[in-house]
Amino acid sequence: MASRRRLFLFDVDGTLTAPRAIITNKMLDFMKDLSKKTTIGIVGGSDEVKIVEQLDGHTELATYLFSENGLVAKKGDKLIGKTSIVEKIGNEKLQDFINFCLSYMSEMKLPCKRGTFVEFRNGMINICPVGRACSVEERKEFFEYDKVHKLREEFVKVLLNKFPDLGMKYSIGGQISFDCFPIGWDKTFCLQYIEKEFDEIYFYGDKTYVDGNDYEIFHDPRIEGRTVTGPDNTITQVTADLQRLGILVFSI
């Protein structure tokens, strides 16, 4: 009997790394060993530059690299797909949307504000009330503030009410921002490139709750999903799956 074709697919922030942090040597060694035993894919909401930065340049870890939820898709060094939000929504509607977001954020009173409140990516728009130029400590400060005041959740509600016909989905991920993209352009978007190539796809992500940016792919019937609580827990859960599948486990 032919062996099952398996893909182990990973989120980045909170799964392979701490939020916006560089991959640790421990995780790097683990992933290098894992790549010898199965095919690896990585899917993140950030653009390719940021994902590669967090992987410390080790793109060889994964056969498939899906940045911006798979709107930019690579297999090895080959670009296999690229989709643009401008083509989908149109410049005029996007400008109205961005202008409203900037106006709304200008009225927010936060512990601090820095720069880059709107980041335009190929397939999505990232909205960040504190500004992506904030320091690590300022990021943590905003995250704790947002836990109490639910600023991002309320912002999303306002956008849903203001732009009901724009066809946008809003996904709160990481500590300081949320992504805006056309409905259906969540992380399940990447599955079109791999669903016919593999018999089993295991996904590991931390934000699998409602409105989290791993929610849709975690619950997709094509996926066997795992909720992780951080990089160390990712290693624990992958190791458990390898044992269950009868694949030789390595020690870290």
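Which residue in β9 is the bridge partner of isoleucine 172? In β9, that partner is phenylalanine 178. The report below places this pair in its sheet and then turns to the rest of the chain.

**Basis of the description**

This is a predicted model, in which local features need pLDDT of at least 70 and side-chain atom pairs count only at pLDDT 80 or more, while totals for chains, interfaces and linings use all residues. Residues are numbered from 1 along each chain as its sequence is written, and side-chain values use heavy atoms, with hydrogens and water left out.

**The chain as a whole**

The protein chain contains eight helices and eleven strands. Helices (H or I, at least four residues) and strands (E, at least two) are DSSP runs, numbered from the N terminus. A compact globule of 252 residues would have a radius of gyration near 18 Å, and the value of 18 Å for the protein chain agrees with this. That radius is taken over C-alpha atoms, and the globule rule is 2.2 Å times the number of residues to the power 0.38. Taken along the principal axes, the C-alpha atoms fill a box of roughly 60 × 35 × 30 Å.

Of the 252 residues, 54% count as buried. Buried means under 20% relative accessible area, exposed over 50%, and partly exposed in between (1.4 Å probe, protein chains only). A contact requires heavy atoms within 4.5 Å. Among contacts between residues at least 6 apart in sequence, 63% join residues at least 24 apart.

Two strands pair if DSSP finds at least two bridges between them.

| Strand pair | Bridges | Bridge partners |
|---|---|---|
| β6 and β7 | three bridges | valine 118 and isoleucine 127 |
| β7 and β9 | three bridges | isoleucine 127 and phenylalanine 178 |
| β8 and β9 | six bridges | methionine 168 and proline 182 |

β8 and β9 form a hairpin with three residues between them, and glycine 174 in the turn has a positive phi of about 65°. Both strands are mostly covered: five of the six residues of β8 are buried, and six of the six residues of β9 are buried.

**Helix α4**

Helix α4 (residues 91-106) has 16 residues and reaches 22 Å from its first C-alpha to its last, close to the 22 Å expected at 1.5 Å a residue. The expected span is 1.5 Å times one less than the number of residues. Its buried residues are Leu94, Phe97, Ile98, Cys101 and Met105. Seen down the axis of α4, these residues fall within an arc of 95°, so they line one face of the helix. The arc is that of the directions from the helix axis to the C-beta atoms. An α-helix has 3.6 residues a turn, so residues three or four places apart point the same way. The buried residues of α4 pack against several elements, including β7 (125-127), α6 (151-162), β8 (168-173) and β9 (177-182).

**The sheet of seven strands**

Seven strands form another open sheet, in the order β5-β4-β3-β2-β1-β10-β11, with mixed pairing. Its edge strands are β5 (78-82) and β11 (224-227), each of which pairs on one side only. Within this sheet, four bridges join β3 (residues 64-67) to β4 (residues 72-75), and the two strands run antiparallel. Tyrosine 64 stands opposite lysine 75 in β4.

**Aspartate 146**

Aspartate 146 lies in helix α5 (residues 136-149). This residue counts as buried because its relative accessibility is 7%. Not counting residues up to four places away in sequence, aspartate 146 touches Leu151 and Arg152.
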